[in-house]
Amino acid sequence: MAWNVVIAGGGFGGFYTARTLTKVLAPHSAQVRLVTADNFMLYTPLLPGAAAGTLEPRHVVVPLREHLDPSVHLRLARITGATPERNVLHLRSLDGQAEELRYDQLVVALGSVSRTLPIPGLAEHGMGFKSLPEAIALRNHVVRTLEIAETLEDGDARREFLTYVFVGAGYAGLEGLAELQDFTADVIDLYPRCNVTGMRWILVEATERVMPEIGPKLAEFAVSELRGRGIEIKTSTTLDAVTASTATLSDGEVVPTRTVVWTAGVKAHPVAGQFGLPLDERGRIVADSHLQVPGFDNVWAIGDCAAVPDPARKGQPCPPTAQHAIRQGRVAGRNVAAALGGTHGRRRKFTYKTMGVFVDMGRRKAVATTGPITWSGMPAWMLARTYRLAAMPGSGRRARLLVDWNIGLLFGRDTAELGSLGTALTLADETSNGAQPSERARAPVNT
C-alpha cells in the first residue's frame with residue numbers, strides 16, 4: 001500500500017516540498033497530497049509590482065496544477081487543525097463540510113499572516129499588504145483617492161486624500177511605498193488639481209533605521225533615494241492611533257490622511273496553534289535542524305510558521321523569507337523520502353545561509369547584497385529583476401514577467417481601477433436609474 005504524505009499549505013515551502021517529493025520518491029510509492037485554500041502560489045517578492053501596476057496581478061502567481069507533477073493530488077480546502085496522535089489533518093471543504101485526512105507523513109507549511117498590534121482604530125481603518133487581494137485593493141484605493149481629491153474644491157480636504165502613511169520599513173513597507181509612490185508620480189499629471197496640491201508620503205519605523213535585513217550603508221542609500229523623492233522617513237516612531245481621517249504618531253503629530261498601510265511584520269498563521277504541536281513564544285511550530293518537530297517522528301515544519309534554527313545566526317530562528325522557505329521545502333522533501341525508506345540516504349540538515357538581499361525601490365533603483373559585494377542604483381535594480389525572473393517557476397511565467405516589464409518601460413502604467421473592472425452589475429442595478437454598480441460589491445475606500 002502506498003504511503004500517505006500530506007503537505008499543509010501551498011506557499012513556497014509546500015510547493016517546493018511537493019516538487020522535491022515527486023523527483024526523489026519511487027513511482028507510485030506514496031500518494032502526495034497538497035492541501036491549500038487557493039489553487040495558486042503567490043510569488044510574494046513581486047507583490048509591490050502588482051500593486052503599482054508594473055505587473056499584471058495574474059502574472060505574480062504560480063498556478064499549482066500547471067506547475068506540479070500530475071501525481072500530486074491538489075486539495076482545495078481550509079485547514080482547521082490536526083490531531084497528531086491520530087495522524088489526521090482537519091479540513092473544511094469548499095462546500096463547508098468538516099473532514100479528516102489521514103497521513104503517514106505530514107509537512108506543515110502554513111505560512112504567515114500580518115502581525116498587528118492593539119492600536120486604537122488600526123483594525124477598522126488600516127490596510128494590509130500581505131496578499132494579492134490586499135495589493136489590488138490598495139492600488140484601487142490609491143487610484144480612488146486621486147479621483148476623489150480631484151473633485152474637491154477645498155485644498156485641506158484634498159491634502160487629506162493625497163497623504164499616504166506606511167507603517168513598517170521592512171521589505172514589504174519600503175518596496176510597497178516606493179513602488180506606489182513611483183506609480184502615483186507617473187500618473188498625477190492626469191489629475192490637475194492633485195498635481196497642484198501635491199502628495200505626501202510618510203514611512204514610519206519603530207526602530208532606529210530602515211531595513212534591518214541589510215547593512216547600514218545600503219540602508220542609508222535607500223533612505224537617501226526615498227528622501228530625494230520627497231518621501232518622509234520617521235524612524236524611532238510608532239503609530240499610536242488611527243481614525244477614518246487621521247493617523248496619530250508617537251512624536252505627537254496628527255497626520256490628516258485617508259490611507260494607513262500596516263506592514264510592520266508577520267506572525268505564524270494562527271491555525272498553527274491548532275495542530276497540537278510545540279510552539280515557541282511567537283506561536284511558531286518548533287522544528288530541529290532536520291526540520292522535524294521534536295517528539296513527532298512523522299511531522300515536519302517549514303517556512304514562516306516554523307521556528308527552524310538559522311545556520312547563519314546561532315540561537316536564532318530563520319527569517320521569514322522566500323529564500324529560506326524554498327530551501328526548507330527541498331530539504332523537507334528529501335527528509336520525508338528518507339523517513340519512508342527511500343534510496344536517498346540519511347536525513348539532511350538545513351544548512352542554507354542567505355546568499356543575497358534585493359530591495360527594489362522603483363524608478364530603476366534598488367539596493368542589493370550578493371555575498372560580500374554590495375550594489376546600489378541601476379546595477380542593483382537589474383540584479384534584482386534578473387534574480388526574481390530566474391526564481392519564478394516555469395518559462396511561461398517568466399515570459400509574462402518580461403513582457404509586463406518591457407511594456408511598462410515603453411508605455412508606462414495603466415491607471416484603470418481594477419475593482420471597477422471586476423465589478424459586475426446586478427440585474428437590479430441594470431434596471432435602476434443611472435445603472436450604477438452595487439456598492440456592496442465594490443472594494444471599500446475610507447471616505
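**View 1. Ser93 is a buried residue in this predicted model.** Its relative accessible area is 9%, and buried means under 20% (exposed is over 50%, partly exposed in between, with a 1.4 Å probe and protein chains only). Ser93 belongs to strand E6, residues 88-93; strands are DSSP runs of at least two residues (E), helices of at least four (H or I), numbered from the N terminus. Setting aside neighbours within four places in sequence, Ser93 is in contact (heavy atoms within 4.5 Å) with Arg75, Ala77 and Glu99.

**View 2. His290 sits in a loop between two strands.** Those strands are E19 (285-286) and E20 (299-301). Is His290 buried or exposed? With 16% relative accessibility, His290 counts as buried. Not counting residues up to four places away in sequence, His290 touches Trp300, Asn335, Arg347, Arg348 and Lys349.

**View 3. Helix H1 meets helix H10.** Here you can find residues 12-24 (H1) and 322-339 (H10). Among the residues that meet are Phe12, Tyr16 and Leu21 in H1, and Ala325, Ile326 and Val336 in H10.

**Reading the views.** Residues are numbered from 1 along each chain as its sequence is written, and side-chain values use heavy atoms, leaving out hydrogens and water. Local features need pLDDT of at least 70 and side-chain atom pairs count only at pLDDT 80 or more, while totals for chains, interfaces and linings use all residues.

Key
Axes fitted to C-alpha atoms, helices over the stretch in contact; angles between N-to-C directions.
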